[in-house]
Amino acid sequence: LNLPWKSNDAQRKVFSEEIGRLPGIIASSLHQSPPSSRNFQSSLVDFENAEGEKIQTNVYRKNGDENFIPFYGFELLAGTNFHKSEKSNEILINETYAHQLGFEQAVDALGANVSIDDRNLNIIGVVKDYHTASLDQAIDPVMMNYSTTTNTLGLKFAGKDVSISGIDRIIQQIEKKWKDHFPDDEFAYSFYDDMIAKFYDAEKRTAFLLRATTGLVMIISCLGLLGLITFMAERRKREISIRKILGATVSGIIILLSRDFMKLILLALLIVSPVAWYFMDHWLTNYTYRTGISLDLFLFTGIFAMVFAFIVVGLQGLRSALLNPVENLRSE
């Protein structure tokens, strides 16, 4: 829930405590934004190592209450959670930031001091790396500190087997509390998994367009192949009839018609496969965490194309081979 900005810290705190006591809600946390979110805040953070070298890093900042760390299930690699304090200078950082500061082990970062605008902050814990955005980006350095100036309330429902109707009842109870505390503000909510799914809207649209385009191209190609095979069979019907009279088998005639098409399909695959691999590999370089392009993909595509062509040629060849030679050679 995004709480109204015009509300003060005390109002948000009272509201979150009342919501946390509702049946079906097992955990809550007031924070600035979820760990993975399009909304983020960053600051230039200074650090001076043991050799006197100054390191300045642009660090993502996540602020929340004392429940923020356990609520989202962060794994503490070293140290402790931050403590509830209005003027706390204690922070937690992630592995990536610890490594950028020059610490090989998470425990080595404990007790180190960094500064923002001459304000010293003490590292009391290191959390395991997680993704602050979609997987096309590398993991960024992150720091977390206790804050009461937050307007996002995260809620966790009881268990994985909560029914849809049960969730609806809980949301109705939350909305009733909302109207008691914030009658002039619209009640709105979102689920965390939906927020993460929106990271990949562009990829979903691209995938849909590629599937639709590929399907259309395949249909057009198959119709073209069918038309070409029909045309070739019609042109060679006298040849097929003569071969049949001279003892050619149906399978032999099918192989005869298929041979030239198979060569053309194989040549097309040899030309297009490197081109497709190049452009796919270039597109995947936009992603820090990416899959590889397997040769099986091109092998499967080639087998599918050749099998389809063989079936179409075979059916047309069978049709031509089963015709009465007299009908084709009558005028001869």
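Me: Where in the chain is Ser134 found?
Reply: Helices (H or I, at least four residues) and strands (E, at least two) are DSSP runs, numbered from the N terminus. By that numbering, Ser134 is found in the loop between β7 (119-127) and β8 (142-146).

Me: What kind of model is this, and what was left out?
Reply: This is a predicted model, in which local features need pLDDT of at least 70, side-chain atom pairs count only at pLDDT 80 or more, and totals for chains, interfaces and linings use all residues. Residues are numbered from 1 along each chain as its sequence is written, and side-chain values use heavy atoms, leaving out hydrogens and water.

Me: Is Ser134 buried or exposed?
Reply: Buried means under 20% relative accessible area, exposed over 50%, partly exposed in between (1.4 Å probe, protein chains only). Ser134 has 8% relative accessibility, so it counts as buried.

Me: Which side chain makes a polar contact with the side chain of Ser134?
Reply: A polar contact is a pair of N or O atoms within 3.5 Å; within protein, one must be able to donate a hydrogen and the other to accept it, and residues adjacent in sequence count only if both atoms are side-chain atoms. At 2.3 Å, the partner of Ser134 is the side chain of Asp136.

Me: Which residues is Ser134 in contact with, leaving aside neighbours within four places in sequence?
Reply: Contact means heavy atoms within 4.5 Å. With those neighbours set aside, Ser134 is in contact with Phe199 and Tyr200.

Me: Thr57 is found in strand β3 (residues 54-64). Which residues is Thr57 in contact with, leaving aside its neighbours within four places in sequence?
Reply: Thr57 is buried, since its relative accessible area is 9%. Beyond those neighbours, the contacts of Thr57 are Ser43, Leu44, Val45, Tyr97, Gln100 and Pro141.

Me: How many aromatic pairs does a search of the whole structure find?
Reply: Rings of Phe, Tyr and Trp (its six-membered ring) pair if their centres lie within 6.5 Å; planes under 30 degrees apart count as stacked, over 60 as edge-to-face and the rest as tilted. Across the whole structure, the number of aromatic pairs is 16.

Me: What geometry does the aromatic pair of Tyr72 and Tyr192 have, and how many residues apart are they?
Reply: The Tyr72 and Tyr192 rings are 5.5 Å apart centre to centre, with 70° between the planes, an edge-to-face pair. Tyr72 is in the loop between α2 (68-71) and β4 (76-79), and Tyr192 is in helix α5 (residues 192-197). The pair links distant parts of the chain, and the separation is 120 residues.

Me: Are Trp178 and Phe182 buried or exposed?
Reply: Trp178 and Phe182 form an edge-to-face pair, 5.1 Å centre to centre with 65° between the planes. Trp178 has 2% relative accessibility, and Phe182 has 4%. Trp178 therefore counts as buried, and Phe182 likewise counts as buried.

Me: Which residues do ring pairs link into a cluster with Trp178?
Reply: The cluster takes in Trp178 and the rings joined to it through ring pairs.

Me: Which residue lies over the face of Phe71?
Reply: A charge sits over a ring if NZ of Lys or CZ of Arg is within 6 Å of the ring centre and within 35 degrees of the ring normal. Here the distance from the ring centre is 5.1 Å, and the residue is Lys156.

Me: Why are the buried residues of α1 on the same side?
Reply: In α1, the buried residues are Arg12, Phe15, Ser16 and Ile19. An α-helix has 3.6 residues a turn, so residues three or four places apart point the same way. The arc is that of the directions from the helix axis to the C-beta atoms. The four are on the same side of α1 because they cover an arc of only 100°.

Me: Which residue caps the N-terminal end of α1?
Reply: A side-chain oxygen lies 3.2 Å from the backbone nitrogen of Ala10. That oxygen belongs to the capping residue, Asn8.
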